[in-house]
Amino acid sequence: VGPGAATITATSEGKSGNAALTVFVPVAAVVVSPDALTLVVGAPRPLKATAQDAGGPALIGGPIDWITSNPLVATVSTAGVVLGLAPGTVTITATAEGKVGSAAITVGPPVTFASVAAGGAHTCALTTGGAAYCWGRGESGQLGIPSPTSSCVTDAGPFPCSMVLVPVGGAHAFTQLAGGGAHTC
């Protein structure tokens, strides 16, 4: 029997009686994804919290409470959207029925771009220090990271994308960027 409510009716010798039954499945764990995130000041990023039962399946519909360990570094909305306010590190915690999941957040300083390269449906920008950031569609790796887990709906349907700055991985220092239809060099 899964979680929910039901009415049980018993009939005997022409007489009936009803009883309301509520099946409650307790939360065994809360999983926050991603569990680590780097963002820049002023760029909001969503987190997702999933309450799970003891068997692992997600439980739907229960409230999730969000809290930040340092509201001077980053805030978190009731929907789990994190906004970096100042450089530093912070832990964002999601709680459901007393069970806790968390994500480690690193907030970097605001960035200033020296150049911008536009692709087919994505854009990348280069800082004066050689760091690259990208945003837009990312199903072909054009954002410099594996395919994003968030999606954007376009005329052609949903595509993996990021609507906020994504730092290009690999600790590379770039001197120039060029964007193409579904790639960035």
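**Group meeting talk: strands and sheets in a predicted chain**

Okay, let's start with a pair of strands: E12 and strand E13 (residues 122-127) run antiparallel and are joined by five bridges. Two strands count as paired here if DSSP finds at least two bridges between them. Look along that pair and you'll see Ser115 opposite Leu126 in E13.

Quick housekeeping. This is a predicted model, where local features need pLDDT of at least 70, side-chain atom pairs count only at pLDDT 80 or more, and totals for chains, interfaces and linings use all residues. Residues are numbered from 1 along each chain as its sequence is written, and side-chain values use heavy atoms, with hydrogens and water left out.

Now, where does that first pair belong? It's part of an open, antiparallel sheet of five strands, ordered E12-E13-E14-E16-E15. Strand E12 (113-118) and E15 sit at the edges, each pairing on one side only. On average, neighbouring strands of this sheet are turned by 25° against each other, direction ignored; the axes are lines fitted to C-alpha atoms, and angles run from 0 to 180 degrees between N-to-C directions.

At the other end of that order, strand E15 (residues 151-154) pairs with strand E16 (residues 157-167), antiparallel, over four bridges. Those two make a hairpin with two residues between them.

Next sheet. This one is open too, with four strands in the order E4-E11-E10-E7, but the pairing is mixed. Its edge strands are strand E4 (36-40) and strand E7 (65-68), each pairing on one side only. E7 runs antiparallel to strand E10 (residues 88-96), with four bridges joining them. There, Ile67 has Thr93 in E10 as its bridge partner.

Let's zoom out. How many helices and strands does the chain have? Zero helices and 16 strands, where helices (H or I, at least four residues) and strands (E, at least two) are DSSP runs, numbered from the N terminus. The chain is more spread out than a compact globule, because its radius of gyration is 23 Å, well over the 16 Å that the globule rule gives for 185 residues. That radius is taken over C-alpha atoms, and the rule is 2.2 Å times the number of residues to the power 0.38. The C-alpha atoms fill a box of roughly 85 × 40 × 25 Å along the principal axes.
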